[in-house]
Amino acid sequence: MWVNEAIKKLGIRYPIIQAPMAGGITTTELITSVASSGALAMIGAGYMKPDSVRKQIREIKKQTTRPFGINVFVPRPFSADLKQIQTAKEILKPFTEEDIATEIPTFEKEQETYEAIIEIILKEEVPICSFTFGLPAKAVIERFKEKNTILIGTATTVKEAIEAEKAGLDMVVLQGSEAGGHRGNFLHDAEESSIGLMSFIPQTVNQVTIPVIAAGGIMDARGALAARCLGAAAVQMGTAFLTCKESGAHDLHKKAILTATEDKTVMTKAFSGKWARGIQNEFIAKTKSRQSELPAFPIQNALTKGIRSASSARNSTDFMSLWSGQSPMLAKDQSVEELIQSLIKEAEEVRGLL
């Protein structure tokens, strides 16, 4: 199961990638633990400031010589509709008015932050960089190629995977509809980009030549082996690492996943203005009927930031974004080493039955 050309290129022992979950989940402890266990660790830099990105990269380099990567969100043009923002504030008012953000993000500022982070990644020579919500510009790709950086795209449809290959990226993550967190679609609407992973992998493998990485609902060796049998070079796992002890996720977030059943994850755009999968809670239920009235990402994400933070500070999951994939019942409270070792052991046991 373990050795293939993609894995050799990434410099890891096992075809396991820890998903780059943004929002403080990918702590330095998580990154170094994953790296030392033989899997690929990824910093989720989606909401980080440039200085914080630089600081964490340097912290990790001091603690491990193993390869690791970083993920960035590719900004897409957006504009603020003042009427829509006012409507959103009215919808959010019942969830504590004082927590609603007043500073609205702009595309120019998002682009500036993105460019600054790209410069840091290049200067710090991080060996692997992945992109979500779009593809980097040709000039950016060329600069990374000069540094021999391995570039990974994110696709939710076969066409998006094809575009990632055409752009010159080295690998592509296939994000199945089972995946937790935000949809990575960039060519189609989220509704058109919700393909089940087991259908997604073989159709994509038949159309691209670059290695594909399977993501979405994979929590154990059974899922990993199934993905490999369908043609994936590796698997990317988010929720399984989110509940690990080294993860920076709030304890209530971890508990919500560990106690959830398979029918408790739902799709919502109420938190951020972009469709994402998480555990059902009061906020999702009460905003469901008015999601179409909310502004797009990242404006809505900024508007709800204070609400989410306040809920977390109150140790309440009512208004928290509890991102999770569709297999929460397979999640465990364990260390990174225990997760990796169990995957290896289970894989050998499953293979012995075939």
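Trainee: Let me start with the sheets. What is the strand order in the open sheet of eight strands?

Mentor: Happy to begin there, and do keep in mind that we are reading a predicted model. The order is β1-β9-β8-β6-β5-β4-β3-β2, and the pairing is parallel. From one strand to the next, the twist averages 25°.

Trainee: Which are the edge strands there?

Mentor: Look for strands that pair on one side only: these are β1 (16-18) and β2. The partner of β2 is β3, joined to it in the parallel sense by four bridges.

Trainee: Are the faces of β2 covered or open?

Mentor: Both are covered. Ala-41 and Ile-43 are buried on one side, and Met-42 and Gly-44 are buried on the other.

Trainee: What about β6: which way do its residues point?

Mentor: Met-171, Val-173 and Gln-175 point one way, while Val-172 and Leu-174 point the other way. Every one of these is buried, and so the count for strand β6 (residues 171-175) is five of five, with under 20% relative accessible area as the cut-off.

Trainee: Which strands pair with β6, and how many bridges join them?

Mentor: Strand β5 (residues 150-155) runs parallel to β6 and is joined to it by four bridges; Ile-152 has Met-171 as its bridge partner. Strand β8 (residues 212-215) also pairs with β6 in the parallel sense, over four bridges. There, Gln-175 has Ala-215 as its bridge partner.

Trainee: How does the chain get from β5 to β6?

Mentor: Follow it through helix α7 (residues 158-167); this β-α-β crossover is right-handed. Another right-handed β-α-β unit is made by β2, α3 and β3.

Trainee: Let's stay with α3, then. How should I read the burial pattern of a helix?

Mentor: Start from the general idea: an α-helix has 3.6 residues a turn, so residues three or four places apart point the same way. Now turn to α3, where the buried residues are Pro-50, Val-53, Gln-56, Ile-57 and Ile-60. Viewed down the axis of α3, they fall within an arc of 130°, so they line one face of the helix.

Trainee: What do the buried residues of α3 pack against, and which residues are exposed on the other side?

Mentor: They pack against α2 (28-36), β2 (41-44), β3 (68-73) and α5 (107-124). On the other side of α3, the exposed residues are Asp-51, Lys-55, Lys-62 and Gln-63. As for α5, this helix lies across β3 and β4 (128-132) and runs at about 165° to β3.

Trainee: What span should α3 have, and what does the model give?

Mentor: Helix α3 (residues 50-63) has 14 residues, and at 1.5 Å a residue these should span 20 Å. The C-alpha atoms at its ends are 20 Å apart, which agrees.

Trainee: Now the open sheet of three strands. What is its order, and how does it pair?

Mentor: The order is β7-β11-β10, and the pairing is antiparallel. At the edges stand β7 (181-182) and β10 (265-268), each with a single partner strand, so one side of each has no neighbour in the sheet. Four bridges link β10 to strand β11 (residues 276-279) in the antiparallel sense, and Thr-268 stands opposite Ala-276 in β11.

Definitions and conventions: Residues numbered from 1 in each chain as written. Predicted model: local features only at pLDDT ≥ 70, side-chain atom pairs only at ≥ 80, totals over all residues. Heavy atoms only, no water. Pairing = 2+ DSSP bridges. Helix = DSSP H or I, 4+ residues; strand = E, 2+ residues; numbered from the N terminus. Expected span 1.5 Å × (residues − 1). Buried < 20%, exposed > 50% of the residue type's maximum accessible area, 1.4 Å probe, protein only. Arc of directions from axis to C-beta. Contact = heavy atoms within 4.5 Å. Right-handed = clockwise from strand over helix to strand, strands pointing away. Axes fitted to C-alpha atoms, helices over the stretch in contact; angles between N-to-C directions.
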